[in-house]
Amino acid sequence: MRFRPGAMRNLADEELMQLVHDGDVQAFEVVFDRHASAAFSLAYRMCGRRAVAEDIVQDAFLSLWRSGSGYDPRRGSVRSWVLSVVHNRAVDAMRRLGAKAGLDVPDEGIAERLPAADATDAEVERRDDARQVRTALDELPPDQRQVIELAYFGGFTHNQIAVMLDLAPGTVKGRMRLGLTKLRFFLGEESRVTI
Amino acid sequence: MSGDDHIANGRACGEDAAAYALGALEPGEAEAFRRHLRDCPECQKDVAEFEQTTGALPDAGVRYQVPKDLRRRVLAEVRTTPKAAAPASRRPPSPSRSWRPALVWGGAFAAVAIVAVVLVVALSSGGSSTRTIQASTGSAELQITGGHGDLVVRRLPALPAGRIYEMWVQRGSATPTPTGTLFAVTSRGTASVGVPGSLNGISAVLVSQEPAGGTLAPTSAPVIVAHVT
C-alpha cells in the first residue's frame, strides 16, 4: 500500500511499525520524528555527553530499522519500547564509561531545548504529561525520590546507592518500592493503593 | 499490586521487583530475578506495573531537540542499509533444495574465522545472560532476555558493495538454518540485531558474510559463533 506524502503521519505507531517491518523508509522517518526527541533527551540526561547520547539513539533506531529488534506490540507502545532500549543502552554506556555526569546535566546544556512555540496538539499533550510526572515526583518524600532518580537517571545499582547514602541495601530497595508505588498512585495508574 | 511481600525460596521477593524495574539490581541479582519471574505471577504483575510507572519517568526531564546531523546520519544509514527480511515472510529453505551446508560449515569451523569472535552463553530456558568475548578485530555479545536474543557487534569490518552479514541458527548439531536476518554495520562497525523467535532449542547463533539479499545456505565461514548452552 502506498501513502500520499503527509498521509503517513496520520498513521498509528503500530501501523507504521508494520510498514517499517516491510522496509518502508518513509514510515521509519515518521517513527523517528515522533520518538527521537524523547529518546535523545533521555540519553542526554542520563549520560550528559551529547556524542554518547547521539550514538545510543542512533544504534537504537538502526536496530529498530534492521530487525525491529524484538519489538512486540503486545508488550507495550512503540514509544515505551524505544525508551526502554535507550535506557538500557545508556545504563550500559554509563557503567562502561564510568560516566555519572548525567546527574549534573544542567537544563541549559549543549543540546538545544525544544522551542516553547512548538505547540502542536501532540506537543501540548506531551507537556501536560510531563508536568504531571514532574508534579508526581515532587510529591514524593525526598528520600524516595532520591533513590528513584539515582537508579533510573543515574544508572546506579541499589548497592551503589546504599554506599553513597550510607544506607542498608534493603532500605534502598524498600524506598524504591514505596516510591514507585506512590508514583503509580499519583499518576493515576491505580485508583487504590496502600501507601 | 499486593502490599505484602510474597515469599520465594525462603525470602521476600517483592522488593526486588521495584529495583528490577528501575534497572538497579546488580547483574547477578537481575539474572536470578529473571529466573524467579518465570514462576512467580505476583512478581510478574509487580514488574509490569512498576515498568508502566518507570516508563513515564523520561517525561520528567527537559526535552531536547534531536540534533539535525543525528537525524541526517540515521536516515542516510537507513537509506543505504538493506532491511532485514521479516522472518515470517521469508520462506524456509526447501527440503528438496540441493545444498552442501555441512561441507561449508564444516570447513568453516575447521578454518580460522575471519573475525574470530566466539561467545559461550548460558541459557536456562528463558533466563537472561550476556557474555562478551573480545577479539582482535571485533567483538560481539548475545544479550538474552526471556528466551529471546539480541546480538550486538562492535568493530566489525564494513562489507564491500554486494555483500552483507547474514544470521543463522543451529539446533543441536544439525545444519545451521537461515533466520532471514540480514544486516550491515555502521561506519563504526556496530550493529544490534534481534535473533528472530525464541532461543529455546537453539545451540548456536552464527553470522557469516554473504551476497546481498542473503542465501539459503552459507557460502563462507562464520565470523561470529555464539554457543547457547
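Helices (H or I, at least four residues) and strands (E, at least two) are taken here as DSSP runs, numbered from the N terminus. The model shown in these views is predicted.

**View 1. Overview of chain B, with five helices and eleven strands.** Chain B has 229 residues, and 51% of them are buried. Of the contacts in chain B with a separation of 6 or more, 58% are between residues 24 or more positions apart.

**View 2. Overview of chain A, with eight helices and zero strands.** Along the sequence, the pattern of chain A reads α-α-α-α-α-α-α-α. Chain A has 195 residues, of which 49% are buried. Of the contacts in chain A between residues at least 6 apart in sequence, 57% join residues at least 24 apart.

**View 3. Helix 1 of chain A against helix 2 of chain A.** The axes of helix 1 (residues 13-21) and helix 2 of chain A come within 8 Å, crossing at roughly 135°. Angles of 65 to 115 degrees count as roughly perpendicular and those over 145 as roughly antiparallel, and the two helices are therefore oblique to each other. The crossing of helix 1 and helix 2 of chain A is left-handed. From helix 1 of chain A, the residues in the contact are A:Asp13, A:Leu16, A:Leu19 and A:Val20; from helix 2 of chain A, they are A:Ala27, A:Phe28, A:Val30, A:Val31, A:Arg34 and A:His35. By type, the residues of this contact are seven nonpolar, one polar and two charged.

**View 4. Helix 2 of chain B against helix 3 of chain B.** The axes of these helices cross at roughly 115° and come within 7 Å. B:Phe33, B:His36, B:Leu37 and B:Arg38 belong to helix 2 of chain B, and they meet B:Cys43, B:Gln44 and B:Val47 of helix 3 of chain B. The contact is made of four nonpolar residues, two polar and one charged.

**View 5. Packing between the chains: helix 8 of chain A and helix 3 of chain B.** Helix 8 (residues 169-186) of chain A packs on helix 3 (residues 41-54) of chain B at an angle of about 70°, and their axes are 9 Å apart. The two helices are therefore roughly perpendicular to each other. Their crossing is left-handed. Helix 8 of chain A contributes A:Arg177, A:Leu180, A:Thr181, A:Leu183 and A:Arg184, which meet B:Asp46, B:Glu49, B:Phe50, B:Gln52, B:Thr53 and B:Thr54 in helix 3 of chain B. The residues of this contact comprise three nonpolar, four polar and four charged.

**View 6. Helix 1 of chain B, a mostly covered element.** Helix 1 of chain B spans residues 14-21, and seven of its eight residues are buried. The buried ones are B:Gly14, B:Asp16, B:Ala17, B:Ala18, B:Ala19, B:Tyr20 and B:Ala21. Just after this helix, B:Gly23 has a positive phi of about 75°.

**View 7. The largest nonpolar core, with 81 residues.** The residues with the most contacts inside this core are A:Phe28, A:Phe61, A:Met176 and B:Leu22. Helix 2 (residues 25-47) of chain A gives the most to the core, with 14 residues. Leaving aside residues up to four places away in sequence, B:Leu22 touches A:His87, A:Ile148, A:Ala151, A:Tyr152, A:Met176 and A:Leu180 in chain A, and B:Thr54 and B:Leu57 in chain B. A second, separate core has 22 residues, among them B:Ala140, B:Val169, B:Val185 and B:Val193.

**View 8. Two glutamates, A:Glu149 and B:Glu26.** A:Glu149 is placed in helix 6 (residues 142-152) of chain A. Its relative accessibility is 18%, so A:Glu149 counts as buried, the cut-off being under 20%. Apart from residues up to four places away in sequence, A:Glu149 touches A:Arg45, A:Leu137 and A:Gly154. B:Glu26 lies in the loop between helix 1 and helix 2 (27-38) of chain B. At 21% relative accessibility, B:Glu26 counts as partly exposed. With residues up to four places away in sequence again left out, B:Glu26 touches A:Thr157, A:His158, A:Asn159 and A:Gln160.

Notes:
Residues are numbered from 1 along each chain as its sequence is written. Chains are lettered from A and ligands numbered from 1 in the order in which they are written. This is a predicted model: local features need pLDDT of at least 70, side-chain atom pairs count only at pLDDT 80 or more; totals for chains, interfaces and linings use all residues. Side-chain values use heavy atoms; hydrogens and water are left out. Buried means under 20% relative accessible area, exposed over 50%, partly exposed in between (1.4 Å probe, protein chains only). Axes are lines fitted to C-alpha atoms, for helices over the stretch in contact, and angles run from 0 to 180 degrees between N-to-C directions. Angles under 35 degrees count as roughly parallel, over 145 as roughly antiparallel, 65 to 115 as roughly perpendicular and the rest as oblique. A crossing is left-handed if the near helix is turned anticlockwise from the far one by less than a right angle, and right-handed if clockwise. Contact means heavy atoms within 4.5 Å. Ala, Val, Leu, Ile, Met, Phe, Trp, Tyr, Cys and Pro count as nonpolar, Asp, Glu, Lys and Arg as charged, and the others, Gly among them, as polar. A nonpolar core is a set of buried Ala, Val, Leu, Ile, Met, Phe, Trp, Tyr and Cys residues joined through side-chain atoms within 4.5 Å.
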